[in-house]
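Please look through the structure below before reading the notes.

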Amino acid sequence: MTDRKTGLDAIAVASLVLCCVLWGLNQVAAKVALVEIPPLLQAGARSLGGASLVFLWAASRRLPLRDAPGAPPTARAGWLAGALFAAEFACIFVGLQFTTAGRMAVFLYLSPFVVALGMPFIARAERLSALQLGGLVAAFAGVAFAFADGFGAKAVSDRQWIGDGLGVLAALFWGATTLVIRGSALTSALPEKTLLYQLAVSGLLLTAGGVAVGESWPAQTSALAWALLAFQTVVVTFASYLLWFWLIRHYPATLIASFVLLTPVFGLLAGALLLGEPVTVRLVVALVAVSAGIAVVSRPARPRAAA
């Protein structure tokens, strides 16, 4: 039996904050590395490296990665989840060429709303209440407010709207990945197995896509670029994702989910502090609206009184 706790202790809080800091820094690391390593090959190398580490981790712990006899097959859902994961990171890495890391972090965290809208089709009991629907509308209004900034004079480039749009697409793919996992046999599979599907399939597809569009690995890569890629692979893709799965196993998911809202905040701060990216009033207002909307949507609806 898993030792599941009813609340968050100091270890859980510290671990959750650490995950959010790392995920916020990941946007900055990817953007800086793009100066030397092209987007699709960088994302592919990150996924393939992470998949190798997850496989070695599972092998060292003798975790069963094959489907158990008589258990529902996971291959079809695993390939679909991996393809959606690849599409998500293709949008992120390509989009970072046109928009800032802070803006990408804000748009990427629209994904909970995709899950909130799609989940009732998988589990009918998980329908939005009127209050939750209001939070969803408020969050999308905030995103629309920020998106308009990409067409204004304060945009970092005249093509910033492309990066913003790819950020929204990445959020859609991320949400779709979650729905595939939740609505398939993967929902009962080991976290390491689900993560391995996502990383291995996405790594192959992203690398193939990079080669197809003519990307090539640089003849010379600086120590900084290698360090940033190692950070994305080892610290973010492998360690932080496994830590997240461990937290989900041992602590209430509803309490853990609220901490994810810290990630775009850390993304904005990291982009401003490390890259000197502008933090406009419009973007801050949008971030507040998105965070408030997610907080409202994440609240469990009160049970309806019996007629």
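How many helices and how many strands are there in the protein? There are twelve helices and zero strands, where helices (H or I, at least four residues) and strands (E, at least two) are DSSP runs numbered from the N terminus. This is a predicted model, in which local features need pLDDT of at least 70, side-chain atom pairs count only at pLDDT 80 or more, and totals for chains, interfaces and linings use all residues. Residues are numbered from 1 along each chain as its sequence is written, and side-chain values use heavy atoms, leaving out hydrogens and water.

**Whole protein**
- Of the 307 residues, 47% count as buried (under 20% relative accessible area, with a 1.4 Å probe and protein chains only).
- Take the contacts (heavy atoms within 4.5 Å) between residues at least 6 apart in sequence: 87% of them join residues at least 24 apart.

**Helices α2 and α8**
- The axes of α2 (residues 39-60) and α8 (residues 191-212) come within 7 Å and cross at roughly 150°; axes are lines fitted to C-alpha atoms over the stretch in contact, and angles run from 0 to 180 degrees between N-to-C directions.
- The two helices are therefore roughly antiparallel to each other (angles over 145 degrees).

**Residue V201**
- V201 lies in helix α8 and is buried, with a relative accessible area of 5%.
- Not counting residues up to four places away in sequence, V201 touches G78, W79, G82 and A83.
- V201 and G82 are 119 residues apart in sequence, and their C-alpha atoms are 4.8 Å apart in space.

Conventions: Angles under 35 degrees count as roughly parallel, over 145 as roughly antiparallel, 65 to 115 as roughly perpendicular and the rest as oblique. Buried means under 20% relative accessible area, exposed over 50%, partly exposed in between (1.4 Å probe, protein chains only).
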